[in-house]
Number of protein chains: 2
Amino acid sequence: MTKIRATNITWHEGHVTREEREALLKQKGVTVWFTGLSACGKSTFAFTLEHVLVQRGHLAYCLDGDNIRHGLNKNLGFSAEDRDENIRRIGEVAKLFADTGVIAMTSFISPYRKDRDRARNLHKEAGLPFVEIFVDTPIEVCEERDPKGLYKKARAGELKQFTGVDDPYEAPLKPELVLDASKLSPQEGSIKVLEYLETNGLLPTLGD
Amino acid sequence: MTKIRATNITWHEGHVTREEREALLKQKGVTVWFTGLSACGKSTFAFTLEHVLVQRGHLAYCLDGDNIRHGLNKNLGFSAEDRDENIRRIGEVAKLFADTGVIAMTSFISPYRKDRDRARNLHKEAGLPFVEIFVDTPIEVCEERDPKGLYKKARAGELKQFTGVDDPYEAPLKPELVLDASKLSPQEGSIKVLEYLETNGLLPTLGD
């Protein structure tokens, strides 16, 4: 280590640690994984939470269909193998974000328990917190909303292997949190997540 | 938009913009793409730069073999198709990081021009800056270093399609910066990158 110039830089060639980045950001890296049926309200909760976090000065980023399916995972279809790979990659990328110190949020149906558990284990092995949020909105409500008309198509047989219609949704057995969009507004849901993160030492409480 | 509680939170359900995250971080998202032969010094430059940036209060993260090959890209081998997919995914992930406002650095041989250009175009389409750094250390020097004994194996024919030995390295035609590790120390190289970023408005100058 040598010091050069007037900037008092100390030179290192090794990796910056996660702790150094977390100190810089004044927050902890964590993945908040939203799972639930199509149109259950995952993304609305996630984006509302993202706004609150950024307003509070925290760096949060949401991985969702828009920025993943059309980018990193655009070479994946909907076969069983591709669905598996879709969620695997999302878990790996969320882990990289959490390792950076970011509050990474993922908003995907992620219907299979084994896929979500794999993402959880990846984080566990890296010493990174993983918060699974089951958005448990009744299917009748999701189907009533159906903003993209997907349930309609699935019921008509035009869309195959649609989660909740002809493909199973395996509910989390021990999610960190359960939210129901038919009972909670986006704001109320976000507050529940904030409270969970604060209570579990994953987010400084306001005033800290 | 309604305001609730004493925290003066304004509620939104839409996406947080890149500009909002950049304002929070007081920096611009950018991808700094290091390319060059095996053992040319890419990672040393990248990690030295990462340290300087974090010391200066900037959030930077380095994607490299350690966190990509063993994670996101662990299901890829070394066939032409897999190499292509390796670099494609790295470009997509770097773009997500830059979109978050992070200074994303990538440190991979990335020998083919078309692969690097695809990553550049991805960023261009998203309005994100992309800085390609050609680490142009003479192959004799790289081969002399050979910390993992890879050149030796390649020369002995034990390793096939090794860049610079029996697979081509396509040098960048218009890299933003060229560094030669046989002439520049890691510190000197990092300063050159910092100066490039500052001069091009991608990093606030010290004192700003």
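How many bridges join β4(A) to β5(A), and do these strands run parallel or antiparallel? Five bridges join the two, and they run parallel. Strands here are DSSP runs of E with at least two residues, helices are runs of H or I with at least four residues, and both are numbered from the N terminus; two strands pair if DSSP finds at least two bridges between them. The model is predicted, so to speak of local features takes a pLDDT of at least 70, side-chain atom pairs count only at pLDDT 80 or more, and totals for chains, interfaces and linings use all residues. Residues are numbered from 1 along each chain as its sequence is written, chains are lettered from A and ligands numbered from 1 in the order in which they are written, and side-chain values use heavy atoms, with hydrogens and water left out.

What about the cover on β5(A)? Five of its five residues are buried, buried being under 20% relative accessible area, exposed over 50% and partly exposed in between (1.4 Å probe, protein chains only). A:I103, A:M105 and A:S107 point one way from the strand, A:A104 and A:T106 point the other way, and all are buried.

A nonpolar core is a set of buried Ala, Val, Leu, Ile, Met, Phe, Trp, Tyr and Cys residues joined through side-chain atoms within 4.5 Å. This one has 36 residues, of which A:L63, A:V93, A:F97, B:L63, B:V93 and B:F97 touch the most other members. The elements giving it two or more residues are β4 (60-64), α3 (65-72) and α4 (80-100) of chain A, together with β4 (60-64), α3 (65-72) and α4 (80-100) of chain B. A:F97 touches residues of both chains, including A:Y61, A:L63, B:L96 and B:F97, not counting residues up to four places away in sequence; contact means heavy atoms within 4.5 Å. Apart from this core lies another, of 35 residues, among them B:F34, B:F134, B:Y196 and B:L197.

On the chain B side, the buried residues of α3(B) are B:N67, B:I68, B:R69, B:G71 and B:L72. They pack against α3 and α4 of chain A, together with β4 and α4 of chain B.

Helix α2 (residues 42-55) of chain A has 14 residues and reaches 20 Å from its first C-alpha to its last, close to the expected 20 Å (the expected span is 1.5 Å times one less than the number of residues). α2(A) is mostly covered, with 11 of its 14 residues buried, including A:F45, A:F47, A:E50 and A:H51. Just after α2(A), A:G57 takes a positive phi of about 90°.

Positive phi also turns up away from glycine. A:D146, in the loop between α6 (139-145) and α7 (150-155) of chain A, has a phi near 35° and is buried, with a relative accessible area of 13%. B:Q161 has a phi near 50° and is partly exposed at 38%.

Finally, a search of the whole structure finds zero disulfides over all chains, a disulfide being a pair of cysteine sulfur atoms within 2.5 Å. For A:C40, the nearest cysteine sulfur, that of A:C142, is 5.5 Å away. The sulfur of B:C40 is 5.5 Å from the closest one, in B:C142, which is too far for a bond. A:C40 is buried at 0% relative accessible area, and B:C40 also counts as buried at 0%.
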